[in-house]
Amino acid sequence: MSSGVHAALIPGGVIGNGRYRLLAKSGADARSNAELWRARDGQLNRDVALTVLLGDLADNEAAARARRTVERAMHASSFTHPGVSRVIDVLTPGTGIRPDEGILGIVIAEWTQGTDLMDLIAEGPLPAGAATRLLEPLGAAIEGAHHAGLVLGADHPQRIRVTSDGRLRLAFPGPRPDAIARDDVKGLGAILYLLLTGRWALPGGPQGVPVAPTGPDGSVVAPNALHPYLPHDLSSVAVRSLEDTSVGGIRTSAAILQVLDQIAAEEAQTALISPVSSARDDDDDDQVVWTTQKPRQDKQTKKKLWISVGVLAVATLTVIVWLSVQIVGFFSDEPSKGGGPTVVINQPGSNGQTAPPPAPAGPVQPAAIGVYDVTNQPDNPNQASRAADNNASTFWRTDNYFQPFPTLKPGIGLMASFAEPVKLASVTITSPSKGTKVEIRSASALDSPLEETKVIGVADLSEGQTQIQLNEHESTGHVLIWITTLSSSGGGKNQSEIREVLYTRAQ
């Protein structure tokens, strides 16, 4: 890059054959070697948004990439939507750009009045309801563009601005040459994550913006692990849209919009979506999702809330360490590196004793039971042992989902592990959640991928006890109750409860 370019790319500098005077720099996208500027069009006497692609014209690869970005931006100029700034023009070397400027392309778009997205979250994360309202127009724009066969490149926070009427807008169009529709979906999830946590969850983010914390398996920690008051569905959408896995990942903006619309409707009807006090009674604990992934400290979070989380984390860790000593090789306390499911184990039994010696036939008590989840966001894992504690007045309950499975998850389950392999004749489930559909599956290990487990029984739960006779199967040390359909009471309430599970050994 020549020294002349350095001199021009400052407020007051002029580029584009003297037509555009730079007013203020809005950011930079290092992945595209692009700078984002507010500028003044001297010919039309109006402000515009410039995406300036920098590089050496002699670098054929860089020049080709810039040319592809400009072509894609120009192709998208026919697409109009309130969530996207309209592309006015594009410039390339020889057509509006001098070959010696060190600029490989410029995308000119109409200027978006309002504020930078980064300024919006500078004081801390936003409430869930506000984040939902802001994001919906951008999500709708991405969905419309994808239907038209276009990629917008909405995957960098400094390309986004907040309009004066309170919506997010792609203010600096110009997708990377290799960007695909999946990148827009990831960008939408990352922007939601940023609004909810103040952290960026994709590579190549702006300098100075905190990076989203990750768990032991490298997956991004869910927003409600950082801020437990956030709605589970919204938190789940944010992280699942970032995942590339075939199981559990959200791959379309339509799926994100569906949840955003539902949460916005719920908020409008009930006004329930708002931050809550960190002080909770025992009943409230039933609604909180905790994970074994300990997030980094967030300075914006209340100290009392983190004290509560710390106490729970220590208690959970104590149980995990104890079990690892008692049951060698029995389970792992973190998801596998290969992207396996999360299984958070509790020891059942109100008396704290392990499973009784094996009997020829009849009831058999699992040595441990935990929540099995392929999205690394287990529902109420601290309650799992209540489903096998020989006490029907206690229970394990799923989270409440605004949308039924598999919109946010393919399912959720309880994995029981036995001290020695067993062959079961039946599984009896006590539940008030009529209409819940379950599969009984045998597994070779606690964290076996779902596709490697074997269905040995299916049932629709009735209110009360449901006995499920099992098909012939080999003895196994692990049995999964996999919920494929939640009980629904309408109005966006999809939730199931299991009060007790009885495992009966075959003859």
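How many aromatic pairs does a search of the whole structure find? The search finds four. The structure is a predicted model, in which local features need pLDDT of at least 70 and side-chain atom pairs count only at pLDDT 80 or more, while totals for chains, interfaces and linings use all residues. Residues are numbered from 1 along each chain as its sequence is written, and side-chain values use heavy atoms, with hydrogens and water left out.

A pair of aromatic rings is described by the distance of the centres and the angle of the planes. Rings of Phe, Tyr and Trp (for Trp, its six-membered ring) pair if their centres lie within 6.5 Å; planes under 30 degrees apart count as stacked, over 60 as edge-to-face and the rest as tilted. One of the four pairs is formed by W111 and F172, which is edge-to-face because the ring centres are 6.2 Å apart and the planes stand at 75°. Helices (H or I, at least four residues) and strands (E, at least two) are DSSP runs, numbered from the N terminus. W111 is buried, with a relative accessible area of 10%, and F172 is buried at 0%; buried means under 20% relative accessible area, exposed over 50% and partly exposed in between (1.4 Å probe, protein chains only).

Y372 and W482 also form an edge-to-face pair, at 5.8 Å centre to centre and with 90° between the planes. This pair too links distant parts of the chain, with Y372 in strand β13 (residues 368–373) and W482 in strand β20 (residues 476–485), 110 residues apart. Both Y372 and W482 are buried.

An open sheet of seven strands has mixed pairing and the order β1-β2-β3-β4-β7-β5-β6. Two strands pair if DSSP finds at least two bridges between them. At the edges stand β1 (14–15) and β6 (96–97); each has a single partner strand, so one side of each is left without a neighbour in the sheet. Strands β3 (residues 34–41) and β4 (residues 46–54) run antiparallel and are joined by eight bridges, with D41 opposite R46 in β4. Seven bridges join β4 to β7, also antiparallel, and A49 has A109 in β7 as its bridge partner. Strand β5 (residues 87–93) runs antiparallel to β7, with four bridges between them; here L91 is partnered by I106 in β7. Of the eight residues of β7, seven are buried.

Four cavities of 30 Å³ or more are found in the whole structure. On a 1 Å grid over the protein atoms alone, a cavity is a set of points where a 1.4 Å probe fits but cannot get out, and lining residues have an atom within 4 Å of a point. Grid points are joined across faces, edges and corners, and a volume is the space filled by probe spheres set on the points. The largest cavity holds about 70 Å³ of space. Its lining includes A73, F79, R86, V151 and P173. By class, the lining has nine nonpolar, two polar and one charged residues, where Ala, Val, Leu, Ile, Met, Phe, Trp, Tyr, Cys and Pro count as nonpolar, Asp, Glu, Lys and Arg as charged, and the others, Gly among them, as polar.

Methods. 1 Å grid on protein atoms, 1.4 Å probe; cavity = no way out; pocket = protein on both sides within 12 Å on 5 of 7 lines; lining within 4 Å.
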